[in-house]
Amino acid sequence: MAASRDYWDPLRLRRFLTLTVILLKTSQMGAVPYAWETKLSGPQSPYTEVLVELAKRSGPTPPKESRDDNPAVTAECFETPGNEFYIGLGQRMIVEASLASIDAIVSDFSQYSELFPSLKKVEVNHKDQNLWVVAFEQNIPVFFIPNLKYEMYYLFDRTKPNRTLFRYQLKSTGELNFSDGIIVLEKISENRTRYIEYDFFDGNYGILKTFAPGRIWEDSVHDILLSDVVVKLKAENPELENRIVVKKAQAILEAMPIKEIIKKRKKFDPPVHALPIPSKGN
């Protein structure tokens with residue numbers, strides 16, 4: 001009986017509870033998120049480290065932009081010498097919504113197949129802190145070409161309250177040789193956010209290079225820009241159903257001079273001290 005009373009002694013019980021809390025906190029501290037510059041096991045392209053460094057070194061405030069002369073999205077294409085079909089695209093837009101609401105849309109992969117028409121299926125295969133593996137199946141609108149399937153690493157960085165970074169990289173080669181991208185969200189005000197994105201990818205296009213080479217660039221740029229406009233419209237109009245958002249975004253894309261944007265593509269030559277912003281001109 002004496003041993004039982006000692007066990008339930010208030011002082012001893014309080015010490016036991018305190019130790020338990022300390023152990024729990026210690027175990028949680030061990031779960032350290034992956035650093036932005038973590039080297040991933042996927043294929044390293046000429047753009048992988050460049051994009052990592054650009055986002056890491058960029059200042060909190062890119063060049064000032066006019067609220068009135070911004071289209072839905074501004075885009076600039078980049079070419080890779082020696083590889084005609086290596087797609088490169090930089091995009092910028094001002095979204096009249098909070099950073100948190102845009103973050104929620106970009107990171108909610110369960111909605112991707114509804115919001116982005118080019119995607120048939122998207123699944124999160126693995127989560128490890130802020131590093132995820134996401135599987136994609138992309139519709140190819142050519143009857144003799146099978147759908148494109150691939151896995152991407154996604155790394156999220158929310159260490160700064162007014163800035164969120166998304167980094168994505170191909171997990172393994174297959175139907176794609178390389179794929180790298182970043183998205184930078186920067187808070188301007190409570191309901192206004194600067195959205196900057198860069199995408200570079202190289203695929204095995206097979207006979208598409210022979211029978212429809214022009215569609216490789218055109219379809220790729222169209223689908224990326226459509227996804228940007230969808231994110232903008234969804235964030236600014238959360239009450240709209242996804243199908244309505246997509247329909248409105250497609251109407252906006254119809255008015256964009258995509259072929260002219262592609263014709264003006266140039267070599268990607270970013271400064272090392274800051275994240276470059278696509279020029280205002282198309």
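The model is predicted: local features need pLDDT of at least 70, side-chain atom pairs count only at pLDDT 80 or more, and totals for chains, interfaces and linings use all residues. Residues are numbered from 1 along each chain as its sequence is written, and side-chain values use heavy atoms, with hydrogens and water left out.

Let me begin with the strands. Strand S4, residues 131-138, runs antiparallel to strand S5, residues 148-160, and eight bridges join them. Strands here are DSSP runs of E of at least two residues, helices are runs of H or I of at least four, and both are numbered from the N terminus. Two strands pair if DSSP finds at least two bridges between them. Glutamate 137 stands opposite lysine 149 in S5.

S5 also pairs with strand S6, residues 163-170, in the antiparallel sense over seven bridges. Phenylalanine 156 has phenylalanine 166 in S6 as its bridge partner.

I turn now to the helices. Helix H7, residues 213-236, packs with helix H8, residues 242-254, at an angle of about 125°, and their axes are 9 Å apart. Axes are lines fitted to C-alpha atoms, for helices over the stretch in contact, and angles run from 0 to 180 degrees between N-to-C directions. In contact (heavy atoms within 4.5 Å), the residues of H7 include Leu226 and Val230, and those of H8 include Val246 and Ala249.
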